[in-house]
Amino acid sequence: MSGAESLPWWAAIPVALLLVLGGIVTLVGTLGLARLQSFYQRIHGPAISIALGAGCILLASMLYFTVTQSRLVIHELLISVFVLMTAPVVSMLIMRAAVYRDLRAAREMDPGNDAGNS
């Protein structure tokens, strides 16, 4: 027996709901990445959904392993902290790099406009 068969119903329902919710949120973020037109619109889908989707999946994992092993399992908290700390920072850095790239391309297209370089 792997543990999934012996999972009580009171734990199986929240685990299943958290996994489905995490999957749906991640799918919505992926669709936003694939369907939106500009880079700045596309970056928001994964940037926002990674924290919520990964959080739901990690909570489901914590609950499942806590119940099946009959002890508190908190390894996923470290993963959650890492994801919640790094995902917004990485998204912000990618967006800043894109803004810098766009400003540089605009400056190269119009070299006579040096109003910002006074």
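Leu17 lies in helix H1, helices being DSSP runs of H or I with at least four residues, numbered from the N terminus. The structure is a predicted model, in which local features need pLDDT of at least 70, side-chain atom pairs count only at pLDDT 80 or more, and totals for chains, interfaces and linings use all residues. Residues are numbered from 1 along each chain as its sequence is written, and side-chain values use heavy atoms, with hydrogens and water left out.

Helix H1 covers residues 9-35 and also holds Ile13. Leu17 is exposed, at 56% relative accessibility, while Ile13 is partly exposed, at 47%. Here buried means under 20% relative accessible area, exposed over 50%, and partly exposed in between, with a 1.4 Å probe and protein chains only. Together with Trp9 and Trp10, these two residues form a nonpolar surface patch of about 530 Å² accessible area. Such a patch joins nonpolar side chains (Val, Leu, Ile, Met, Phe, Trp, Tyr) within 5 Å, from residues with over 30% relative accessible area and no salt bridge. The C-alpha atoms of Leu17 and Ile57 are 9.7 Å apart, although 40 residues separate them along the chain.

The model has 2 salt bridges, each a side-chain nitrogen of Lys or Arg within 4 Å of a carboxyl oxygen of Asp or Glu. One joins Arg101 to Asp102, at 3.4 Å from N to O. Arg101 is partly exposed at 49%, as is Asp102 at 32%.

Another salt bridge links Arg104 and Glu108, with closest N and O atoms 3.7 Å apart. Both residues lie in helix H4 (residues 75-109), 4 residues apart, or about one turn of the helix. Arg104 is partly exposed at 45%, whereas Glu108 is exposed at 57%.

Methods: Patches are made of residues with over 30% relative accessible area and no salt bridge: like charges are joined within 9 Å, nonpolar side chains (Val, Leu, Ile, Met, Phe, Trp, Tyr) within 5 Å. Accessible areas come from the Shrake-Rupley method with a 1.4 Å probe; for residues, only the protein chains shown count as cover. Helices (H or I, at least four residues) and strands (E, at least two) are DSSP runs, numbered from the N terminus.
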